[in-house]
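Hello,

Here is the structure for you to look through. My notes on it follow below.

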Amino acid sequence: MIIVMKHNATQAEVATVIAQVETVGLQARPIIGEERTVVAVVGDERPVETEHFELLDGVERVLRILHPFKLASRDFYADDSQVKINGVSVGGNRVVVMAGPCSVESREQLMETAAAVKEAGAHILRGGAFKPRTSPYAFQGLGLKGLELLREARDAYRLPIITEVVSPQDVTLVAQYTDILQIGARNMQNYALLHAIGETNKPILLKRGMMSTIEELLMAAEYILSHGNSRVMLCERGIRTFETATRNTFDINAIPVLKSLTHLPVIADPSHGTGKWELVTPVARAAIAAGADGVIVEVHPNPARAMSDGAQSLKPEKFAALVSEIRRIAEAMGRSV
Ligand code: PEP
Ligand code: MN
């Protein structure tokens, strides 16, 4: 059950609601949002009537949510929620394009890529500074230097940036540089990290774990939401299946499934979802047709020399073609890019 307080509810009214919840043997988890406080009720609530709380002062409405994810559920918020990032709105009519290199490698590489993706129509610049690699011997990213270069590119090209954070201790530092914190597939269930980013008010892109179900993805989002950060976007980036023709299997089903279960924006990553640059554009088209709110795409000026994920990185001219193709698909869907 979720008890939504009125936006002008007092602390005393919230305290009374919490006391009432505890009186009937349930636990109350108050979530203090920017707009209002919501009290999530945990425990076997079946014998308790919603009217029990509806009549208390300061309560706007009480919702019974049958899914295990509550704040992420469409039952909690029926509209599409929009995440606003310095003038870019994700989850609205406009399909959002995030693009850039897998890893920040050098100033020249990042600036050249930023200029190209901006020119092609990208709204947000991506780039990894802390890279979670399968091999400890592979390039691990430039770290702080990478964040500084991203900042420079952000200011030079006036593009909000997204970069990954891999450990709870780094959250404060990375949040000082970036507009969006990315949580990678390998960290989707790193609960200490989800807790830490849940206490910031930074927009989050939460990527689906490569072996995680849609419900597990939504429960991971619930961790972030339940710590007070409502600015969450989800990302389908491919899952591991028996198929070996591609790096991962992009789960196109996940897009309409997520859009029906949750109000959170859904972004598609056809780069990691396929692992092959030739497949990135067709899968991006499919994702937009399936209802994704945006794409995140890896672009590199010289993929053959990329320090990570060159095989799935598009050259700038191929990326420009991708943008014009998904624009046509978006328009067919009554949206724009
Ligand atoms: C990335 O975006 O470069 C990345 C590491 O993605 P994922 O976490 O989906 O593997
Ligand atoms: Mn990558």
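**A buried charge, then the rest**

Glu222 is buried (under 20% relative accessible area; over 50% is exposed, and partly exposed lies in between, with a 1.4 Å probe and protein chains only).

Glu222 sits in helix α7, residues 214–226. Helices (H or I, at least four residues) and strands (E, at least two) are DSSP runs, numbered from the N terminus. What does Glu222 contact, leaving aside its neighbours within four places in sequence? Phe69, Lys70, Leu71 and Ala72. Contact means heavy atoms within 4.5 Å.

**How to read the values**

This is a predicted model: local features need pLDDT of at least 70, side-chain atom pairs count only at pLDDT 80 or more, and totals for chains, interfaces and linings use all residues. Residues are numbered from 1 along each chain as its sequence is written, chains are lettered from A and ligands numbered from 1 in the order in which they are written, and side-chain values use heavy atoms, with hydrogens and water left out.

**Salt bridges**

Side chains of opposite charge can pair when their charged atoms come close. A search of the whole structure finds 17 salt bridges. Three of them are described here.

- Glu45 and Arg64 pair at 3.7 Å, N to O. The pair links distant parts of the chain, 19 residues apart. Glu45 is in the loop between β3 (37–42) and α2 (51–54). Arg64 is in the loop between β4 (59–63) and β5 (83–85). Glu45 is buried, at 10% relative accessible area. Arg64 is partly exposed, at 35%.
- Arg74 pairs with Asp80, with the closest N and O atoms 2.5 Å apart. Arg74 counts as buried at 19% relative accessibility. Asp80 counts as partly exposed at 37%.
- Arg154 pairs with Asp155, with the closest N and O atoms 3.3 Å apart. Arg154 counts as buried at 17% relative accessibility. Asp155 is partly exposed, at 47%.

There is also a network: salt bridges that share partners join Arg74, Asp80, Lys259, Asp293 and Arg335.

**Val171**

Val171 belongs to helix α5, residues 171–177. Is Val171 buried or exposed? Buried, because its relative accessible area is 4%. Leaving aside neighbours within four places in sequence, Val171 touches Val165, Leu181, Leu193, Ala196, Ile197 and Thr200. Ala116 is 55 residues from Val171 in sequence and 29 Å from it in space, C-alpha to C-alpha.

**The protein as a whole**

The protein has eleven helices and 14 strands. Its C-alpha atoms fill a box of roughly 65 × 40 × 40 Å, taken along the principal axes.

Of the 337 residues, 54% are buried. Among contacts between residues at least 6 apart in sequence, 68% join residues at least 24 apart.

Best wishes

Definitions and conventions
Lys and Arg count as positive and Asp and Glu as negative; His and the chain ends are not counted. A salt bridge is a side-chain nitrogen of Lys or Arg within 4 Å of a carboxyl oxygen of Asp or Glu.
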